[in-house]
Amino acid sequence: MKFYSLLLLAWLFVLPAHAAITAPPLQAVNLEGKAIDLSDYQGKVVYLDFWASWCPPCAKSFPQLNQLYQELKAQGFVILAINVDKKEADLHQFLQKIPVDFDIGWDASGVTPERYQVQTMPSGYLIDQQGNLRQRFNGFKNGHIEKIKQQALELL
């Protein structure tokens with residue numbers, strides 16, 4: 001198993017709830033094709049969201065995530081949503097139907113979701129100002145936005 005996978009597994013299952021590990025690096029590009037680096041978000045609380053165009057819960061989550069981003073961005077909260085579709089056209093078609101104001105990335109290789117041990121769509125990770133993983137959210141159900149907001153506010 002790769003190094004980042006082992007670290008994440010330790011964080012998820014072995015380490016105490018208050019423990020934090022450094023978020024694994026991303027291997028994704030933004031919509032302009034430029035590499036995304038988590039260090040660019042240093043000093044901010046990041047909600048890292050993995051999503052796909054074919055995922056109904058992802059379509060449900062985007063408007064709510066966008067509203068949360070609008071509410072908290074002035075306090076230093078950002079959302080980075082990494083798409084995992086194989087075809088970039090699918091990503092753009094989704095965003096035409098459901099536009100958002102937060103940052104979008106694309107990882108068709110699947111390297112980043114593997115590093116984060118993504119098992120469901122969507123999967124979200126709350127990352128603190130120092131780049132440490134603080135919370136994981138699997139799927140998107142009623143009440144998730146409130147939980148994300150509460151956890152983000154505690155970190156801000």
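Modeller: A residue is called buried under 20% relative accessible area, exposed over 50%, and partly exposed in between (1.4 Å probe, protein chains only). The model is predicted: local features need pLDDT of at least 70, side-chain atom pairs count only at pLDDT 80 or more, and totals for chains, interfaces and linings use all residues. Residues are numbered from 1 along each chain as its sequence is written, and side-chain values use heavy atoms, with hydrogens and water left out.

Colleague: Which exposed residues lie on the face of helix 5 turned away from its buried side?

Modeller: Helices (H or I, at least four residues) and strands (E, at least two) are DSSP runs, numbered from the N terminus. In helix 5 the buried residues are H144, I145, I148 and A152. They cover an arc of only 95° around the axis, which puts them on the same side of helix 5; the arc is that of the directions from the helix axis to the C-beta atoms. The face turned away from that side carries the exposed residues E146 and E154.

Colleague: How far does helix 5 reach from its first C-alpha to its last?

Modeller: The expected span of a helix is 1.5 Å times one less than its number of residues. For the 12 residues of helix 5 the expected value is 16 Å, and close to this is its actual reach of 17 Å.

Colleague: Which exposed residues does helix 3 carry on the face turned away from its buried side?

Modeller: Within helix 3 (residues 88-97), L91, F94 and L95 are buried. Their arc around the axis is only 95°, which puts them on the same side of helix 3. On the face turned away from the buried side are the exposed residues A89, Q96 and K97.

Colleague: What covers the buried residues of helix 3?

Modeller: Covering is judged by contact, meaning heavy atoms within 4.5 Å. The cover includes strand 3 (45-51), helix 2 (56-72), strand 4 (77-83) and strand 5 (103-106).

Colleague: Which residues have the most contacts inside the largest nonpolar core?

Modeller: A nonpolar core is a set of buried Ala, Val, Leu, Ile, Met, Phe, Trp, Tyr and Cys residues joined through side-chain atoms within 4.5 Å. The largest one has 47 residues, and the most contacts inside it belong to F62 and Y116.

Colleague: How far apart are the sulfur atoms of C55 and C58?

Modeller: C55 is buried, with a relative accessible area of 3%, and C58 is buried at 0%. A disulfide is a pair of cysteine sulfur atoms within 2.5 Å. C55 and C58 form one, with their sulfur atoms apart by 2.4 Å.
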